[in-house]
Amino acid sequence: MKQLFSLFLILLCFQVSAQENNTKPNIIHILADDVGYDDLSCFGSKDIHTPNLDALAEMGMKFTNFYAPHGTCTPSRAALLTGRYAPRVNEGKGLYVLFPHSKTGLEDE
């Protein structure tokens with residue numbers, strides 16, 4: 001009986017510990033056009049000062065290894081919004097850079 005009670009206490013401790021660590025992370029993903037790795041002062045830029053982004057980076061976590069879904073803005077945004085690889089957007093036809101006067105966009109799939 002004593003062993004059963006000890007086992008119960010151990011399991012209870014694991015349950016409480018798991019519940020405390022069950023919080024979802026807050027993630028801010030900023031997608032900016034034509035920004036290079038060292039264009040932000042929090043990543044080492046000496047010429048461009050980004051104090052607000054530096055404050056966000058200081059409070060949270062900075063990722064230093066990453067890939068963009070595509071080399072241009074519209075396919076990268078489409079990949080982020082749809083969750084698909086950039087060349088597979090628009091039924092596999094891909095997507096070119098769109099401008100405000102463009103007559104095309106994301107197609108229904």
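User: Why does Tyr-96 count as exposed?

Analyst: In this predicted model, Tyr-96 has a relative accessibility of 70%. A residue is called exposed when the value is over 50%, and therefore Tyr-96 counts as exposed. Tyr-96 belongs to the segment after α3.

User: Why is Asn-90 called buried?

Analyst: The relative accessible area of Asn-90 is 4%. Buried means under 20%, so Asn-90 is buried. Asn-90 is also found in the segment after α3. Between the C-alpha atoms of Asn-90 and Gly-105 there are 8.6 Å, and along the chain the two are 15 residues apart.

User: What makes Asp-33 count as partly exposed?

Analyst: Asp-33 has 36% relative accessibility. Asp-33 sits in the loop between α1 and α2. Its C-alpha atom is separated by 9.8 Å from that of Gly-71, which is 38 residues away along the chain.

User: Why does Ile-28 count as exposed?

Analyst: Ile-28 reaches 64% relative accessibility. The limit for exposed is over 50%, so Ile-28 counts as exposed. Ile-28 lies in the loop between α1 (2–20) and α2.

User: Which residues make the nonpolar surface patch?

Analyst: Ile-28, Ile-30, Leu-53, Leu-56 and Met-59 make this patch, which has an area of about 520 Å². Patch residues need over 30% relative accessible area. With 64%, Ile-28 passes that cut-off, which means that an exposed residue is part of the patch.

User: How do you know which residues lie nearest the centre of the largest pocket, and how many residues line this pocket?

Analyst: The lining of the largest pocket holds 34 residues, and Ile-28, His-29, Ile-30, Leu-31 and Phe-66 lie nearest its centre. A residue belongs to the lining when it has an atom within 4 Å of a point of the pocket. The volume of the largest pocket is about 1400 Å³. Rolling a probe the size of a water molecule over the atoms shows where empty space is left.

User: Which elements give two or more residues to the lining of the largest pocket?

Analyst: These elements are α2 (51–59) and α3 (73–82). The most is given by α2, with four residues.

User: What is the division of the lining of the largest pocket into nonpolar, polar and charged residues?

Analyst: The lining has 23 nonpolar, eight polar and three charged residues. Ile and Phe count as nonpolar, and Ile-28 and Phe-66 are among the residues nearest the centre.

Technical notes
Residues numbered from 1 in each chain as written. Predicted model: local features only at pLDDT ≥ 70, side-chain atom pairs only at ≥ 80, totals over all residues. Heavy atoms only, no water. 1 Å grid on protein atoms, 1.4 Å probe; cavity = no way out; pocket = protein on both sides within 12 Å on 5 of 7 lines; lining within 4 Å. Points joined across faces, edges and corners; volume = space filled by probe spheres on them. Patch = residues over 30% accessible without salt bridge, like charges linked within 9 Å, V, L, I, M, F, W, Y side chains within 5 Å. Areas by Shrake-Rupley, 256 points an atom, 1.4 Å probe, with all protein chains shown as cover. Salt bridge = Lys/Arg side-chain N within 4 Å of Asp/Glu carboxyl O. Buried < 20%, exposed > 50% of the residue type's maximum accessible area, 1.4 Å probe, protein only.
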